[in-house]
Amino acid sequence: MKIFSAKQIAKIDAYTIEHEPIMSIDLMERAASKIFKWIVSHFPAPQNCKIFVGPGNNGGDGLALARMLAVKNYAVEVHVLRITDKLSTDAAKNLERLNGLNTLDLYEMSSIESMPWLFKDDIVVDAIFGSGLSRPLEGLVLDVVKAMNASEANVIAIDIPSGLMTEDNSENSGRGIVRADYTLSFQFPKLAFLFPENAQYIGEWEVLSIGLHPEIISSETTPYRMLSKEFVKSLLMPRKKFDHKGTYGHGLLISGSYGKMGAAILASRASLRSGIGLLTTHIPRLGYQILQTAVPEAMVSIDRSDIIFTEYPDLSQFKAIAIGPGIDKKQNSFRAMIDLLKEVKVPMVIDADAINIIGEHPELKKELPLGSIFTPHVKEFERLVGKSDDSYTRNCMQREFAKNNEISLVLKGAYTAICCPEGSCYFNPKGNPGMATAGSGDVLTGIILSLLSQGYPSHVAAIIGVYLHGLAGDLASVDFGVEALTASDIVDYLPKAWLYLKK
Ligand SMILES: NC(=O)C1=CN([C@@H]2O[C@H](COP(=O)(O)OP(=O)(O)OC[C@H]3O[C@@H](n4cnc5c(N)ncnc54)[C@H](OP(=O)(O)O)[C@@H]3O)[C@@H](O)[C@H]2O)[C@H](O)CC1
Ligand SMILES: [K+]
């Protein structure tokens, strides 16, 4: 699913009105009826609804919704915020349509003195501003939003919580943003929904389709997309009857150190559960028996060091390499990493301390083989790319870094973002808080190594890998819940995840 900017949404809206064709007031009616149906199914009548309405089309949606709810026996109060004399044309028409509805009370609010009391069981609808918000809130609107936020009522935001910008909130103080319990967004998720610091405003969110024109949705380009099962499935390569293990590549995993052999086991097992033909895991000497016992399918390459990574095997046989899970960033490992980067010609997955090493020695970036993939969490990202105060800025930095260094950059989080060398950015909707657990990242590295070894192009391996990892975590959480979920469970549910993905 594509994610568009506020400007693009306005363009898609206008195109739909012209080419469906549909009158703008009827498109608003369609949008409001989607919100109405959602409210009826989640909060059946009778209920007290207090709808706060702004001057634009978001307000127009709120007014149309008020009429629909009033007709269905909800007790509706409408509070039109008089911050300007002018309502948008369609908002004005919908205001007129409220005339004569006796189950509805209409108030004009020009000062906070007329703010109604909001009770715990009230449904409060935020229809003040939507995607047309152009600056932070102030004056009356700010006071109303503060009162809403101080209440215990159920707050439902139409399209986007008022005060939140659709994309960039780096200049937004956060003082005047509605804290919704539910956000019902039209047709597309907004970029701001995917950033952790905005979760407090958005609450649970849902996308409601309002039938915007498919032609322009498909032709309008955007760097941002939300991954879907259909999209990821379309990237899979079929397996053929006469394929053999050589067809699916031989990968090298450089992993583990004293006290961290578990990382090598998890990444190896994940790799083998994701279709790799042959796997060699390079580990420090002390891990030999551990690995051979825990993962009999993997071949083992032994470092001369007992405890850390200091050398690597002949690279000629490998189709892809992953380095990082459980390695340390001791000086000897750094030297081995320099040599490795100079020699390696196949795509690499670079994770954990291997990222930190490159972060500390940025000159190594020019040695990266074509098709490299970095898989940092936020702290590793900051060491590699730099610090930022907000997620939008961080996402811009991520896209730039991927473009400038011609690599794929996977930033792990609730909505893991995959930025590709040509500028696109994919967000993963799968996964759950149970996956914020030790070893989860090692599993992801193993999966991506496996896909690279099978010949998937780098950004495709990153996309499939991230989606599959989240999917396996979600399937595991159905049986184990989130607290008890471990990284091993994610590996154990990879078979189910593959089956589900291919269904
Ligand atoms: N997605 C769709 O296709 C549809 C969306 N609908 C709904 O329409 C809104 C977007 O409507 P729009 O009128 O463009 O924008 P808003 O309702 O958000 O309001 C814009 C007006 O508010 C003024 N404004 C903006 N920021 C502030 C502020 N901080 N303080 C005071 N006033 C502000 C703005 O004035 P400007 O000075 O910036 O010009 C406008 O007057 C969308 O979110 C959906 O809810 C349709 O109903 C269906 C199709
Ligand atoms: K809103």
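**Close-up views of a predicted model**

**View 1. Aspartate 159 is buried, as 25 other C-beta atoms lie within 10 Å.** The structure shown here and in the views that follow is a predicted model. Aspartate 159 belongs to the loop that runs between β6 and β7. Its phi is near 70°, a positive value in a residue other than glycine. Most residues other than glycine have a negative phi. A count of 20 or more such neighbours is the threshold for a buried residue, and aspartate 159 therefore falls in that class with its 25.

**View 2. Isoleucine 160 lies in the loop between β6 (154–158) and β7 (182–186).** Isoleucine 160 has 30 other C-beta atoms within 10 Å and is therefore buried. Beyond its neighbours within four places in sequence, isoleucine 160 makes contact with Gly130, Ser131, Thr166, Thr183, Ser185 and Lys190. Tyrosine 182 stands 22 residues away from isoleucine 160 along the chain, and 9.5 Å separate the two C-alpha atoms.

**View 3. Ligand 1 is shown with the 29 residues that surround it.** The closest of these residues are Gly56, Asn57, Asn58, Gly130 and Gly132. At least two residues of the shell come from each of the helices α1 (6–19), α2 (24–42) and α3 (57–71). Helix α3 provides the largest share, namely five residues. Sorted by class, the shell around ligand 1 comprises 13 nonpolar, 12 polar and four charged residues.

View 4. Proline 21 is placed in the loop between α1 and α2. Proline 46 occurs in the loop that links α2 and β2 (48–53). For context, most peptide bonds are trans.

**View 5. Asparagine 73 has a positive phi of about 70° although it is not a glycine.** This residue sits in the loop between α3 and β3 (75–81). Asparagine 73 is classed as exposed because 11 other C-beta atoms lie within 10 Å; the exposed class takes residues with 12 or fewer.

**View 6. Methionine 237 is located in the loop between α8 (229–234) and β10 (250–254).** Methionine 237 has 13 C-beta neighbours inside 10 Å and therefore counts as partly exposed. Lysine 37 is 200 residues from methionine 237 in sequence, and the two lie 41 Å apart in space, C-alpha to C-alpha.

**View 7. Helix α15 (residues 440–453) packs with helix α16 (residues 458–480).** Two packed helices are described by the angle between their axes and the distance between the axes. For α15 and α16, the angle is about 140° and the axes are 8 Å apart. The two helices are therefore oblique to each other, and their crossing is right-handed. On the α15 side, the contact is made by Val443, Leu444, Ile447, Ile448, Leu451 and Leu452. On the α16 side, Ser458, Ala461, Ala462, Ile464, Gly465, Val466, Leu468 and His469 take part. By class, 11 nonpolar and three polar residues form this contact, with no charged residues.

Key. Residues numbered from 1 in each chain as written. Chains lettered and ligands numbered in written order. Predicted model: local features only at pLDDT ≥ 70, side-chain atom pairs only at ≥ 80, totals over all residues. Axes fitted to C-alpha atoms, helices over the stretch in contact; angles between N-to-C directions. Helix = DSSP H or I, 4+ residues; strand = E, 2+ residues; numbered from the N terminus. Parallel < 35°, antiparallel > 145°, perpendicular 65-115°, else oblique. Left-handed = near helix turned anticlockwise from the far one by under 90°. Contact = placed C-beta atoms within 7 Å. Nonpolar A, V, L, I, M, F, W, Y, C, P; charged D, E, K, R; others polar. Near = placed C-beta within 6 Å.
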